[in-house]
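Please look at the structure first.

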Amino acid sequence: MKVLIVGAGIAGPTLAFWLLRAGHEPSLVERAPELRRGGYLIDFWGAGFDVAERMGIVPELRQRGYVIAEARAVDREGHRIASFDPVAVMGSTQRYLSIARSDLAAVIYGALEERVELILDDTVSSLDDDGERVQVTFDSGANRDFDLVVGADGLHSQIRRLVFGPDERYETYLDMVVSVFDVEGYRPRDDLIAMMHAEVGFQAVRVSLRDDITTFVFTVRHHGPVPSDDRPAQQALLRTRLAGAGWETPAILNLMPQARTFYFDAVSQIRMASWTRGRVALVGDAAACPSLLAGQGSALAMVEAYVLAAELSRVGDHVEAFSRYEQRLASFLRSKQDAAVGLGPAFAPKNRLQLLLRNTVMRLMGLPKVADLAMGRSFHDAINLPAFESA
């Protein structure tokens, strides 16, 4: 089948890789003029690691990634109040690493070895599913037919809007914004240590990366409209919300105009009763965004892409494959979303009691039961990935 995949982040190229393996003909279209840079430093583990192993990309992920030696919480003056070994929390150095989201995306795309058509600086403006094929019109004016269309275009999915309706039907805002940016030459540096500082209403994280780069992550409580595509307004919001904050926060905010990359968005979830309609399907954040609070969004996107491709490889009928894709993942992903909601106070405490509880839990993170609770882990973490039938 000819399959159009909209979005060339994590889910899209993963799906393209496995569709190729199944003998299909995927095409990727990406709204941005180049493959995206920047974004989160993510913790990569769990079922997504299984998919990466099956793709043969783990060695390169290890080369690009990091094993953070310590997560350290500090107070307004920079004094240590808690610390723990992230590897001990994750359970194994063999199946856990931290990596920039853009590096993960680049490694996945590299595994395609230029065997997939990539259309940059364009996206879908309209589509017509007549039951036999999907007629697609692009922003550029081009018109093409595909057997299937898959929206892998993130939290603000254009495909979801076109096929399923407006964002407000499915998006749940979690009263928080996130900003990620990086700069060169920041001091102090604490190699392989994730420095964390939280006060009522926010958390700031600093991590030193290679090549004298430091990345910063702010999660900030915010009620009201969230500015989009307006960097000055976004940075003004951060300065207003973080006025008077302690630790290194004022110095970090002063560096925002010098950032190499700058990311800002609402912290939201996408909850849908179904991720497929006719010959169109959704994967990744477009289908079931758990929010950054889940800590596994990229890995889960890879799992969703793999399962969808595996089901298409096992049955010839896309209707049955779509149904099996949803049945296999629905409860698993809902459990991840539910757990993420409960983790909000860890990322931006609402009051002093939540701040005290957060710091207390961090002091106890070396205890397995506490770590499982804090990470939102349960029996739902286990998922049996289906076998894959290559062409």
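Q: At what angle do helix α1 and helix α2 pack, and is α1 parallel or oblique to α2?
A: In this predicted model, α1 covers residues 11-21 and α2 covers residues 47-55, with their axes 12 Å apart. The angle between the two helices is about 45 degrees. Angles from 65 to 115 degrees would count as roughly perpendicular and those under 35 as roughly parallel.

Q: Which residues make the contact of α1 with α2, and how many of the contact residues are nonpolar?
A: On the α1 side the contact is made by Thr14, Phe17 and Trp18. On the α2 side Val51, Arg54 and Met55 take part. One residue of this contact is polar and one is charged, and the nonpolar ones number four.

Q: What is the angle between α2 and helix α10, and which hand does the crossing have?
A: Helix α10 spans residues 297-314, and its axis is 7 Å from that of α2. The two helices pack at an angle of about 60 degrees, which makes α2 oblique to α10. The crossing of α2 and α10 is left-handed.

Q: Which residues of α10 meet α2?
A: From α2, the residues in this contact are Ala47, Gly48, Val51, Ala52, Arg54 and Met55. The contact of α2 with α10 holds eight nonpolar residues, one polar and one charged. Those on the α10 side are Ala299, Met302, Val303 and Tyr306.

Q: How far apart in sequence are the parts that the pair of Trp18 and Phe388 ties together?
A: The rings of Trp18 and Phe388 are 4.8 Å apart centre to centre, with 50 degrees between their planes, and form a tilted pair. Trp18 lies in helix α1, whereas Phe388 is in the segment after α14 (368-374). The pair therefore ties together parts separated in sequence by 370 residues.

Q: Is Trp18 buried or exposed, and is Phe388 buried or exposed?
A: A residue counts as buried under 20% relative accessible area. The value for Trp18 is 3%, and for Phe388 the relative accessibility is 18%. Trp18 is therefore buried, and Phe388 also counts as buried.

Q: What kind of aromatic pair do Tyr306 and Phe388 form?
A: Tyr306 is in helix α10 and Phe388 in the segment after α14, 82 residues apart. Both Tyr306 and Phe388 are buried. Their ring centres are 6.0 Å apart and their planes are at 40 degrees, so the pair is tilted.

Conventions. Residues numbered from 1 in each chain as written. Predicted model: local features only at pLDDT ≥ 70, side-chain atom pairs only at ≥ 80, totals over all residues. Heavy atoms only, no water. Axes fitted to C-alpha atoms, helices over the stretch in contact; angles between N-to-C directions. Helix = DSSP H or I, 4+ residues; strand = E, 2+ residues; numbered from the N terminus. Contact = heavy atoms within 4.5 Å. Nonpolar A, V, L, I, M, F, W, Y, C, P; charged D, E, K, R; others polar. Parallel < 35°, antiparallel > 145°, perpendicular 65-115°, else oblique. Left-handed = near helix turned anticlockwise from the far one by under 90°. Phe/Tyr/Trp six-rings, centres within 6.5 Å; stacked < 30°, edge-to-face > 60°. Buried < 20%, exposed > 50% of the residue type's maximum accessible area, 1.4 Å probe, protein only.
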